[in-house]
Amino acid sequence: MIKPMQPSLPNPFDTPERVAFRETIQNFVVTEIRPYAYEWDEAGDVPWELHAKLGALGVFGFGIDEKYGGLGFDDPFMRSDYAVAMSMCGAGGVSAALGARSISTDPIQKLANEEIKSRVLPEILSGRKGGSLGITEPGGGSDVARLTTRAHLEGDHWVLNGSKTFITGGMKSDYFVIAARTGGPGLTGISLFFVEADAPGFSRTSLSKKMGWWASNQATLYFDDCRVPVENLMGQKDYGFLQIVNNFNYERLGLVGCALGMMKVCLEDSIAWAQERETFGKPLIRHQVIRHKIADMSAKVDAVQSSLWILCAQIDAGHMPVAEICKAKFFATKALEYCASEAMQILGGAGYLRGNRIENVYREVKVIAIGGGSEEIMKDLAMRQMGL
Ligand SMILES: Cc1cc2nc3c(=O)[nH]c(=O)nc-3n(C[C@H](O)[C@H](O)[C@H](O)COP(=O)(O)OP(=O)(O)OC[C@H]3O[C@@H](n4cnc5c(N)ncnc54)[C@H](O)[C@@H]3O)c2cc1C
């Protein structure tokens with residue numbers, strides 16, 4: 001039987017709207033995703049109808065104007081509750097396949113021209129089409145300032161040459177936001193381009209053999225004299241990347257939510273197993289060592305949950321606590337690493353078998369620790385933001 005998901009602490013910032021949204025998403029995950037997530041992940045794909053079903057709930061529309069099919073408001077608490085609930089579905093790849101579009105939509109709304117926005121955003125937000133963001137290259141992801149994909153102007157077209165890799169949703173997306181160098185070295189000199197999958201000179205191959213996130217359709221993208229109309233330059237030439245740095249704060253906040261959801265899975269499934277499994281004449285949960293592991297996990301869940309709520313409250317009040325988001329991301333991924341290891345230990349051999357959530361979480365810890373800004377890069381950025 002599938003148990004409903006419960007928050008471990010009451011959220012002091014809850015409103016009736018937030019409670020209703022959270023319950024809707026939790027119910028959707030429990031009934032529409034969790035029973036099938038493992039099967040979809042093993043198959044390496046998610047049925048496209050699911051994108052539209054989730055899109056109909058409005059989950060892709062935070063911060064996007066209603067005229068483009070968005071919700072017309074933003075709410076960091078609802079964004080986080082979505083991330084937490086989705087990452088409890090039993091396969092991070094399923095959640096990534098559905099949610100990856102969100103890192104492309106903010107830049108499109110902010111920087112694309114009106115024709116592109118009004119044509120494309122309703123398609124992506126409704127779940128009819130996919131969108132992806134392509135920053136990382138085969139030569140590296142952390143040092144964005146050194147990216148080498150180039151774009152130059154030829155008549156009324158930009159011509160792109162280079163490659164992107166690890167692009168989530170990339171095998172299925174119709175629309176891409178691609179970073180390419182148009183100027184000199186460094187972060188200034190990078191522009192963003194709106195590229196459609198049928199653009200001449202665009203091709204892609206699947207990154208199919210991965211430790212986790214199997215259903216997420218990661219791709220390597222190739223741009224061989226790929227031509228896009230001149231109006232597909234997004235925002236100001238050479239300043240595109242700098243114009244979307246705020247976007248990464250939301251991505252990282254979402255990843256803190258993912259880490260928290262995965263930690264909750266570790267706690268929930270460890271408690272259930274420890275209550276059921278007997279060793280040496282009593283349930284596992286009656287052995288002090290196991291009780292302490294569960295207490296430690298529970299304390300870490302509370303700590304990450306509390307810091308996530310404080311960050312959301314700050315953002316809701318109009319501040320963007322960049323350093324604290326970076327710190328929360330690496331703190332949460334380390335806490336997740338601990339919980340994944342202890343939960344696997346509590347489940348014993350059963351945890352090692354495919355088809356249970358702990359095995360999935362254990363394999364997918366590192367995606368959260370590396371993707372969207374690795375632990376090392378988050379620490380460096382936090383220190384710089386702290387003026388050190
Ligand atoms: C499953 C998955 C999905 C992804 N989805 C996307 C996507 O949709 N779009 C996209 O653009 N990218 C995506 N990425 C790429 C991701 O953002 C990069 O993997 C990440 O930024 C790290 O880049 P890298 O892998 O090239 O590692 P590198 O930059 O080569 O770094 C290697 C290691 O060295 C460390 N390191 C680097 N520099 C320093 C330093 N100065 N000091 C100390 N340590 C350092 C890093 O932290 C890392 O641990 C995805 C990655 C994964 C694994």
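Which residues in α8 meet which residues in α9?

1. The model is a predicted one, and the contact asked about is made up as follows. From α8 come Leu-253, Val-256, Gly-257, Ala-259, Leu-260, Met-263, Lys-264, Cys-266, Leu-267, Ser-270, Ile-271 and Ala-274, and these meet Ile-290, Ile-294, Met-297, Ser-298, Lys-300, Val-301, Val-304, Gln-305, Leu-308 and Leu-311 in α9. Sorted by class, this contact of α8 with α9 holds 16 nonpolar, four polar and two charged residues.

2. As for the geometry of that pair, the axes of α8 (residues 245–276) and α9 (residues 288–316) come within 10 Å and cross at roughly 155 degrees. Because angles over 145 degrees count as roughly antiparallel, α8 is roughly antiparallel to α9. The crossing in which α8 passes α9 is left-handed.

3. Helix α8 also packs with α11, at an angle of about 155 degrees and with the axes 10 Å apart, and the two helices are therefore roughly antiparallel to each other. Here, too, α8 passes its partner α11 in a left-handed crossing.

4. In the contact of α8 with α11, Leu-255, Cys-258, Ala-259, Met-262, Val-265, Cys-266 and Asp-269 of α8 meet Arg-357, Ile-358, Val-361 and Ile-368 of α11. The residues of this contact divide into nine nonpolar, no polar and two charged.

5. On the scale of the whole chain, the division is into domain 1 (16–125), domain 2 (131–241) and domain 3 (243–385). The C-alpha centres of domain 2 and domain 3 lie 31 Å apart, and ten residues of domain 2 are in contact with seven residues of domain 3. On the side of domain 2 that touches domain 3, five residues are nonpolar and five are polar, with no charged residues.

6. Domain 2 and domain 3 each supply at least three residues to the shell around the ligand. There are 22 residues around the ligand, of which Ile-135, Thr-136, Gly-141, Ser-142 and Ser-374 come nearest. Two or more residues of the shell are given by each of β1 (131–134), β3 (157–167), α11 (357–370) and α12 (375–385), and β1 gives the most, with three residues.

7. By class, the shell around the ligand comprises nine nonpolar, eleven polar and two charged residues.

Key. Residues numbered from 1 in each chain as written. Predicted model: local features only at pLDDT ≥ 70, side-chain atom pairs only at ≥ 80, totals over all residues. Near = placed C-beta within 6 Å. Helix = DSSP H or I, 4+ residues; strand = E, 2+ residues; numbered from the N terminus. Nonpolar A, V, L, I, M, F, W, Y, C, P; charged D, E, K, R; others polar. Domains from an automatic or database assignment. Contact = placed C-beta atoms within 7 Å. Axes fitted to C-alpha atoms, helices over the stretch in contact; angles between N-to-C directions. Parallel < 35°, antiparallel > 145°, perpendicular 65-115°, else oblique. Left-handed = near helix turned anticlockwise from the far one by under 90°.
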